[in-house]
Amino acid sequence: MDFLMSGLAACGACVFTNPLEVVKTRMQLQGELQAPGTYQRHYRNVFHAFFTIGKVDGLAALQKGLAPALLYQFLMNGIRLGTYGLAETRGYLHTTEGTLSPARSAAAGALAGVMGAYLGSPIYMVKTHLQAQAASEIAVGHQYKHQIFPPQSWKVALAAAMVSGIAVVLAMTPFDVASTRLYNQPTDSQGKGLMYRGILDALLQTARTEGIFGMYKGIGASYFRLGPHTILSLFFWDQLRFLYQKYTK
């Protein structure tokens with residue numbers, strides 16, 4: 001659970017910070033191995049870079065490399081924080097007297113960090129390649145032409161649904177758990193619930209009794225259901241509209 005929750009938390013943050021990562025990548029590649037003043041500065045500062053990328057490449061370009069970035073964050077932070085949390089839970093960070101050992105804590109943190117960085121490095125490379133891709137007038141650094149899926153492929157929609165699903169399940173799972181328990185609770189003769197007074201009461205009782213993890217029960221099933229459900233719903237809706245227009249004209 002430490003690995004899963006650490007990774008999902010990092011992915012949730014990544015959705016909001018990835019545009020800054022795109023800007024950082026391009027500003028770091030600008031003027032690579034060129035003396036100051038000998039190259040054109042496409043990005044003068046952070047705010048100018050945001051504006052330029054959005055104007056030339058489009059707003060969607062600010063989320064370039066999001067898929068590998070999410071995978072990288074899940075893998076690196078899941079391993080790093082999860083391993084450290086596991087060591088702390090098992091008591092490896094404490095001395096025989098029960099006190100916290102700074103040396104063991106530092107060693108565990110360093111080991112967890114090395115493991116996460118080593119396993120995440122190939123994904124970080126792909127992320128960097130994708131985030132550096134830009135229109136020729138604002139391109140910096142070497143331009144790799146990676147293309148994960150062909151244009152207009154159903155895989156693009158599926159991947160987008162799975163990526164956006166991370167933010168959705170993080171935000172909605174607590175309410176989903178509460179609604180499931182509200183629907184399933186026993187009732188009295190008037191149909192009034194015997195366990196919860198409403199959704200807020202269900203959330204508070206769950207958090208107090210089972211902790212924060214209790215509010216995220218079933219998050220894995222929710223996530224892997226959401227992506228395929230979304231893409232299949234849109235696919236069938238599009239096909240039904242096509243058939244309706246075809247046979248009603």
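A charge sits over a ring if NZ of Lys or CZ of Arg is within 6 Å of the ring centre and within 35 degrees of the ring normal. In this predicted model, Lys127 lies over the face of Tyr124, at 4.1 Å from the ring centre. Lys127 also takes part in a salt bridge with Glu21.

**Helix packing**
- Helix H3 (residues 66-89) packs against helix H4 (residues 102-132) at an angle of about 175 degrees, and their axes are 8 Å apart.
- Angles over 145 degrees count as roughly antiparallel, and H3 and H4 are therefore roughly antiparallel to each other.
- The contact of H3 with H4 has 17 nonpolar, 6 polar and 2 charged residues.

- Side chains of opposite charge can pair when their charged atoms come close.
- The structure holds 6 salt bridges.
- In one of them, Lys127 meets Glu21 at 3.0 Å, N to O.
- Lys127 is in helix H4 and Glu21 in helix H1 (residues 2-29), so this pair ties together parts 106 residues apart in sequence.
- Lys127 is buried, at a relative accessible area of 2%.
- Asp57 and Arg26 form a salt bridge, with their closest N and O atoms 2.8 Å apart.
- Asp57 is in the loop between helix H2 (46-56) and H3, while Arg26 is in helix H1, 31 residues apart.
- Asp57 is partly exposed at 22% relative accessibility, whereas Arg26 is buried at 1%.

- Asp201 and Arg197 form a salt bridge through their side chains (3.5 Å, N to O).
- Asp201 is buried at 10% relative accessibility, but Arg197 is exposed at 77%.

Notes: Residues are numbered from 1 along each chain as its sequence is written. This is a predicted model: local features need pLDDT of at least 70, side-chain atom pairs count only at pLDDT 80 or more; totals for chains, interfaces and linings use all residues. Side-chain values use heavy atoms; hydrogens and water are left out. Axes are lines fitted to C-alpha atoms, for helices over the stretch in contact, and angles run from 0 to 180 degrees between N-to-C directions. Helices (H or I, at least four residues) and strands (E, at least two) are DSSP runs, numbered from the N terminus. Angles under 35 degrees count as roughly parallel, over 145 as roughly antiparallel, 65 to 115 as roughly perpendicular and the rest as oblique. Ala, Val, Leu, Ile, Met, Phe, Trp, Tyr, Cys and Pro count as nonpolar, Asp, Glu, Lys and Arg as charged, and the others, Gly among them, as polar. A salt bridge is a side-chain nitrogen of Lys or Arg within 4 Å of a carboxyl oxygen of Asp or Glu. Buried means under 20% relative accessible area, exposed over 50%, partly exposed in between (1.4 Å probe, protein chains only).
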